[in-house]
Amino acid sequence: MTKKVIIPKGLSQAGKDYLTEHHLQTIELKDTSAATILSNAPEADGIVLMTEPFPNDTIAQMPNLKVIARHGVGYDNVDQDYMQQHNIWVTITPNANASTVAETTLAEMLDLSKNLTAISDKMRTGDFDYKGSHMGFDLAGKKLGIMGYGRIGRMVAHKASALGMTTLIYDPFVKEADAGTLVDRDTLFKEADIITLHMAVTPENTAGIGQHEFELMKSSAVIINLGRGALVDQNALIQALKNKTIRGAALDVFNEEPLPLTSPFYTLDNVLLTPHIASNTVECMSRMAVDSASEVVRVLSGEKPEWPVNQI
């Protein structure tokens, strides 16, 4: 019997082709929420999962499920330990998006430092004086603080080296860095002019960047979050931006996505908002689709996956 794989609408054609070339039947759904999955394809053997939460009790109605392949590197939307207890692999695509996310990080750094989007938006309304009261700042000579020195953090450090910045790195699991100086957490918050977050979410660091950290930062400093919304206490960040405790922020991820239009973030002119686009390029989407599809193929062929986050 042909095995079935749930894929999200919009999955890159390369990923779809990979699955069908390996004789798997694809079931394309409007999203990969638990409700949509259970109402359309509870019999599926595998899932290519996007960012929607995947509750543990979902698998009680999915007797054939063998693999949940995350289309990306974060897996805080699925309980890998619980899945392991029920003989379901959870995999990620660690090599597919690091370079793209690093490039997007630099793009947001450049945008923040020159107020590009804000000034452009004001220009479109006929406000040509806005630029005079919202000048940017140079990156050369500034300190870049990188939190999390994994694949993405390392690439950010190397790519940023061409900008003439000094790089500070905080990662409790790293003993040496080849593109910057390792510092303790408080030092990074106190000294960095730009802080960019590239850590995985853990119980210990959930909402771990809050009022205390913003008060440590320079009033001229900015923070960039392309990791996960849960890393930052969003209410504390809103207050820090409102009160000008820090200069600004660039946010690509939020506790609730899409970010509701009622969010106070939309009322602030010192925050750059993007809708989870850090890996949103044609090339990156193709790589993530193929890599997640290949993990599904491996598991459903009786092999071990290449990039698991649990063990069966």
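Trainee: Where is serine 279 placed?
Mentor: Serine 279 sits in the loop between strand 12 (271-273) and helix 11 (282-300). Keep in mind that this is a predicted model.

Trainee: What makes serine 279 count as buried?
Mentor: Its relative accessible area is 13%. Buried means under 20%. Serine 279 therefore counts as buried.

Trainee: Which residues is serine 279 in contact with, leaving aside neighbours within four places in sequence?
Mentor: Asn97, Thr100, Val101, Cys284, Met285 and Met288. Each of them has heavy atoms within 4.5 Å of serine 279, because that is what contact means here. Thr100 and Val101 are also among the buried residues of helix 4.

Trainee: Why is helix 4 called largely enclosed?
Mentor: Of its 17 residues, 12 are buried, so the rest of the structure largely encloses it. The buried set includes Ala98, Leu106, Met109 and Leu112. Glu108 and Asp111 belong to that set too.

Trainee: How do you know that the span of helix 4 agrees with its number of residues?
Mentor: Helix 4 covers residues 98-114. At 1.5 Å a residue, its 17 residues should span 24 Å. The end C-alpha atoms are 25 Å apart, so the two values agree.

Trainee: What comes just after helix 4?
Mentor: Asparagine 115, with a positive phi of about 55°.

Trainee: Which residue other than glycine has a positive phi near 65°?
Mentor: Histidine 23. It lies in the loop between helix 1 (13-21) and strand 2 (25-29).

Trainee: Why is histidine 23 called exposed?
Mentor: Its relative accessibility is 66%. Exposed means over 50%, so histidine 23 qualifies.

Trainee: What is the phi of lysine 244?
Mentor: About 60°, a positive value, although lysine 244 is not a glycine. Its place is the loop between helix 10 and strand 11.

Trainee: How do you know that alanine 240 is buried?
Mentor: Alanine 240 lies in helix 10 (residues 234-242). Its relative accessibility is 4%. The cut-off is under 20%, so alanine 240 counts as buried.

Trainee: How far apart are the C-alpha atoms of alanine 240 and phenylalanine 214?
Mentor: They are separated by 6.6 Å, with the two residues 26 apart along the chain. Beyond its neighbours within four places in sequence, alanine 240 is in contact with Phe214, Thr245 and Ile246.

Trainee: What makes the peptide bond from glutamate 257 to proline 258 cis?
Mentor: Its omega is near 0°. Proline 258 sits in the loop between strand 11 (248-251) and strand 12.

Trainee: How do you know that the radius of gyration agrees with a compact globule?
Mentor: For 312 residues, a compact globule would have a value near 20 Å. The protein has 21 Å, so it agrees. The C-alpha trace spans about 65 × 50 × 30 Å along its principal axes.

Trainee: What is the percentage of buried residues in the protein?
Mentor: Of the 312 residues, 49% count as buried. The protein exposes about 14,900 Å², and carbon and sulfur atoms supply 51% of it.

Trainee: How many helices and strands are there?
Mentor: There are 11 helices and 12 strands. Of contacts between residues at least 6 apart in sequence, 58% join residues at least 24 apart.

Trainee: How many side chains are positive and how many negative?
Mentor: 27 positive and 38 negative. The centres of the two sets lie 3 Å apart.

Conventions
Residues numbered from 1 in each chain as written. Predicted model: local features only at pLDDT ≥ 70, side-chain atom pairs only at ≥ 80, totals over all residues. Heavy atoms only, no water. Helix = DSSP H or I, 4+ residues; strand = E, 2+ residues; numbered from the N terminus. Rg over C-alpha atoms; globule rule 2.2 N^0.38 Å. Buried < 20%, exposed > 50% of the residue type's maximum accessible area, 1.4 Å probe, protein only. Areas by Shrake-Rupley, 256 points an atom, 1.4 Å probe, with all protein chains shown as cover. Lys, Arg positive; Asp, Glu negative; His and termini not counted. Charge placed at Lys NZ, Arg CZ, Asp CG, Glu CD. Expected span 1.5 Å × (residues − 1).
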